[in-house]
Amino acid sequence: MTESSMPRPGNVTTPLLSVKGLRTWFHTFGGIVKAVDGVSFDVAPGEIMGLVGESGGGKSMIGFSIMGLIDPPGRVEAGSIEFGGRDLARLGEDEMRSIRGKEIAMIFQDPMTALNPLYTIGNQIEETLALHTTLSARERREKAIEMLHKVGIPQPEQRLHHYPHQFSGGMRQRVVIAIAMIARPRLLIADEPTTALDVTIQAQLLRLMRQQVEESGTSLILITHDLAAVSQMADTIVVLYCGRIVERGPAGDIIARPRHPYTRGLIDSIPHETDIDGAKRRLSQIPGNVPDIRKLPPGCAFAPRCPRASGLCRMQDPVLSEREGTGDGQGPRRLHATACHHPLTVSP
Amino acid sequence: MFGYMIKRLIQMVVVLWAVSVLVFVMMSFTGDPTFMMVPLDATDEQIAQARRILGLDESHLVQYWRFLSNMAQGDFGRSFVFRQPALTLILERLPATLEIVFLAMALALLVAIPLGVYAGANPGKPASRAVMAGSLVGISLPGFWLGMVLIFIVAVKLQWLPSSGRGPTTEWFGLRVSFTSWEGFRHLILPAITLSIGTLAILMRIIRAEMVEVMKQDYIKFARAKGATAKGILFKHGLKNALIPLVTVFGLMLGDLIAFATLTETIFAWPGIGKLLVDSIYRGDRPVIVVYLMFVALMFVVVNFVVDVAYALIDPRIKIK
């Protein structure tokens, strides 16, 4: 069991965020796209949750649903998003606005486009404070400098006056993190925060993000297709396939003992640079592609690509069922759940 | 910046020279103005004398040379009709034109920006479709027709506003203007509305199209994720980005309105430079036409320069070099 999979806060605390039966559908000309279709999970205070899946799996839409930023033709059709005693799915725009940026912040995939090109980064950092606090202009400036310093921007006093185009991609993402974290949100949603960056910078930024959330006790939902990154950071992992959760549980448990063939496939496609015998191993891949989400096959959506699929899989939806997590911990959060008719039982 | 100014200045001189050639050649082929100056029963001798006085008896090349060298010395020629320096004539009437043009542009911006932003931010809504349909009407309406309809309804039937002329003017920093008095301002309203409609419609469509694009950008979504207000998202983050392409069009339209407010000025008997141009063309007052066209060319060069500076002011990524 890796250190990161240990639940840092207590098991019994009430969750900060509790998503139940969330359905976010898009009503398009081509039919209804069920981007998120009955997703439930909890995030405890201070927890880091990895939300993993291939592109088009509905990961980002979960983040946007929580933020209340789903635009037509999309809509949260059903389910609840409990956050701090309120159901975000039922809040009005004004109430949502006061939560966004203050209690829940979000980081986007591409730092090259997330910052407004016409304003200095100082202006954009201070905007968050201006919106959610009563700080004076000077205090805001001081806080912005302090925050830029924290995210590792050298000479923040001068850099404050610079425009986004004067920063590299990695530096911009640091600025974005600073903007997201400056109001000390209780939950940070990071949507593929390192995908658009150089590999060398990815690890740096993930470390920075982890450090930032740990320092302020913020919970983090890390949305990514990079299971390797998640396995190093997350306490819990939720694996999505075609808008549904296929596996959910403690990070270490999922990496060590995946039950769902899809999770297994994802893990096997992580490159291992250090095979003990130094032999070059062929990377395995999951055969086929993510199906068109508008025309999902009956039964398990993964069945067409699954080596273990049976006739049952093609007819009946598997239900997400919780089983005792093998090994550490107790209580509801330690459960390892899988939606599979033929889950893997033994793993190497 | 200094090098940029020099470059612009050289460019200006080249443009003006090219226009001077074009204008001079065109004028030389539009008939002999002498016959418009002399009495119908003038003798051949009188005609020849008139030609000599006007300097038309020499070859085109010599005429052009004299035209250029005079201009270089600040002499832009005298009006055949008014016996006054052509430049003075134009400058005297310029304030009248600027007045209705600026009012028209202000009106256009005041209406086009909110409507364009609204329609761009809510593309599917019925109200924004109505706005777009309205803008099509605005583009399609010919100015002279609109002017006459306005005169008929507002001035003749309702008798709310005067139908023509400039009304009382006051001296203001050495310029004769009418917006300073209520009666003068009343005279401004109808011509300004007539002039603004087409511009308003086009500006609005451009703002809408730009806003539709801008609102899809990540930084808008990021601003929303920060908790920015709807107003902040539309105007701080949205509109400023949408303005960049608008500035070019705005500059060109401003130049266009100043140079060619001709129709509107004619309908409302507005004593601006547009009306002067039309009158001068009727009278074959060649020096005035020439100076007018040179003036317009100069103005467009200046407007372009201002547009470039405005770009650099709005967008930090653009550096003036």
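**Figure 1. Packing of helix 5 and helix 8 in chain B of the predicted model.** Helix 5 (residues 86-121) and helix 8 (residues 182-214) of chain B pack with their axes 6 Å apart and at an angle of about 35°. Axes are lines fitted to C-alpha atoms over the stretch in contact, and angles run from 0 to 180 degrees between N-to-C directions; helices are DSSP runs of H or I with at least four residues, and strands are E runs of at least two, numbered from the N terminus. The residues of this contact comprise 26 nonpolar, four polar and two charged.

**Figure 2. The contact between chain A and chain B.** Chain A contributes 28 residues and chain B 19 residues, contact meaning heavy atoms within 4.5 Å. The two chains bury about 2,300 Å² between them, 59% of it on carbon and sulfur atoms; buried area is the accessible area (1.4 Å probe) lost on being put together, summed over both parts. Of the area that chain A buries against chain B, 26% comes from Leu118(A), Tyr119(A) and Glu127(A), more than from any other three residues.

**Figure 3. A salt bridge between the chains.** Arg224(B) is paired with Asp71(A) in a salt bridge, their closest N and O atoms lying 3.0 Å apart. The count of salt bridges between chain A and chain B is three, each a side-chain nitrogen of Lys or Arg within 4 Å of a carboxyl oxygen of Asp or Glu. On the side of chain A that touches chain B, helix 4 of chain A gives the most, with six residues.

**Notes.** Residues are numbered from 1 along each chain as its sequence is written, and chains are lettered from A in the order in which they are written. In this predicted model, local features need pLDDT of at least 70 and side-chain atom pairs count only at pLDDT 80 or more, whereas totals for chains, interfaces and linings use all residues; side-chain values use heavy atoms, without hydrogens and water.

Definitions and conventions: Nonpolar A, V, L, I, M, F, W, Y, C, P; charged D, E, K, R; others polar.
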